[in-house]
Amino acid sequence: MDFDYLRYLKQSNPAFQLLAADNAPLILSFFHLYFIKDNQRTLTYGELTGSLEDYLHHIRESHGEDLYPKSASQYIDDWSGERSLYLRKFYSTDNDEPLFDLTPATEKVIEWIADLETREFVGTESRLLTVFQLLRDIVNRSEHNPEARISLLEQQKETIDKEIQQIQMGELNVLDPTQMRERFFQAEDTARKLLSDFRQVEHNFRNLDRRTRERITISQASKGELLDEVFNHQDEIHDSDQGRSFRGFWEFLMSPGRQDELDDLLSALDSLSELNDALPESILRRIKFFLLEAGEKIYRTNNQLAEQLRRFLDDRAWLENKRIMDIIGDIERKAVNVANKPPPQREFVSVEHAHPSVELLMSRRLFQPQVDISLEIDNILNGNADLDLSVLYEQNYIDPAEMADNIRRLLSQHKQVTLHQVLKRFPATRGLAEIIAYINLATSVESHLIDRTQMDNVKYKTEFGHLRELEMPRIIFTR
């Protein structure tokens, strides 16, 4: 952090420029109110300009009409322009209205300003314990010696057994109110920073995609080699440190057991009287939905990036086909010119070893109609077959409306559910056709999605009552 580096940051870094901007109080207070406070990931152009108009009206009433003379739309254009990248402007595939989101630089500035506020209570014990726990986890989980790992687990087991004995003897060691509040504030601060990091994670994914697509754009490789580059690009994004970390987070968050555990923990917090003054305004009360929303946005962003790569490949193939059609058209035009003005020499094109094959009409075989088969049995006797014909009248009918109602009943309690959770609540008893019907529902509604990177084992009963288990990609139903 020397003089030249800081001077370079002042000229090029959006966060530094935002801190030095004349209207920084307006920008930061507005962004915090409408993006950070309610964890709003994106706003449309109409929503953003309408909210800014109301906010400017409120400020002008309190501090004078001449404080911020521009209109809301002009400020939005300035903040999302090339000179001041405080907002990211983009378009979705299903809407022509532009969308806006905070850039990672703006998020960092707001987080830094929030940390400047004087805190009445700063916990140190819980942070020190967190440091020790992280260091202990790094050392213990990186040990390759089985005997050493077993020894560490035995020590942990001994500590747990000792604590159980103390509880059985009546010595219950619980947290005092100060320790509870300290750990609660640290969990809340960590959760808030985690939500703040999601914009940086999405920005990193976009940078990875941009660099690889630039390499593909300037590539002169063939179509097959270009396909190989596209697939390698997908592997590069998913196998990067950022991709592996996010995939681990998403797997952890999508686990039904982890979601139930988080619900139980948040419900238990409501019963603690020591936290009554901090819980109502805490972000932890809605942290599950905030994390799911932020993670789903990044997941959809990755899918959109893959779709853009496929479109890029389709454009390359279209250009190749267009070039072929131009060549064919040029040949046809030259053929027409030659037909109207033939060359003076009789032979102007020669093809070596061209011998046409001759097939005479009379060399073909005559048509022979097919002989009809006649049955020589005069008397046909009625027979008895040992078959159960009742199966023909007991066919299962799959009602998609009933399945959609099952999904809606679970989504009324949860923001999203997997097919595994649906079948756990409403078991499939009509065979594989019922599973296929659920898959059809997932593909016919845009809000539902299929995660092909995760596999679930779903159980169903056949029409004969036999229990079967099927491994399939994870299907997620959302509101």
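Visitor: Which residue stands opposite Phe90 in strand 3?

Guide: Leu99 in strand 3 stands opposite Phe90. This is a predicted model, in which local features need pLDDT of at least 70, side-chain atom pairs count only at pLDDT 80 or more, and totals for chains, interfaces and linings use all residues. Residues are numbered from 1 along each chain as its sequence is written, and side-chain values use heavy atoms, with hydrogens and water left out.

The sheet around this pair may be described next. Helices (H or I, at least four residues) and strands (E, at least two) are DSSP runs, numbered from the N terminus. Two strands are said to pair if DSSP finds at least two bridges between them. Strands of a sheet pair through backbone hydrogen bonds, either parallel or antiparallel. Here, three strands in the order 1-3-2 make up an open sheet with antiparallel pairing. Strand 1 (43–44) and strand 2 (87–90) stand at the edges; each has a single partner strand, so one side of each is left without a neighbour in the sheet. Four bridges join strand 2 to strand 3 (residues 99–102) in the antiparallel sense.

The term denotes a side-chain nitrogen of Lys or Arg within 4 Å of a carboxyl oxygen of Asp or Glu. Side chains of opposite charge can pair when their charged atoms come close. Six salt bridges are found in the whole structure. One of them joins Asp78 to Lys70, with the closest N and O atoms 2.8 Å apart. For accessibility, buried means under 20% relative accessible area, exposed over 50%, and partly exposed in between (1.4 Å probe, protein chains only). Asp78, with a relative accessible area of 32%, is therefore partly exposed, and Lys70 is partly exposed at 36%.

A further salt bridge connects Lys322 with Asp326, their closest N and O atoms lying 3.5 Å apart. These two residues are four residues apart in helix 13 (residues 287–340), which means that about one helical turn separates Lys322 and Asp326. Lys322 is partly exposed at 39% relative accessibility, and Asp326 is partly exposed at 37%.

Another salt bridge is formed by the side chains of Arg474 and Asp456 (3.1 Å, N to O). This pair links distant parts of the chain, with Arg474 in strand 6 (residues 467–478) and Asp456 in strand 5 (residues 449–461), 18 residues apart. Both Arg474 and Asp456 are buried.
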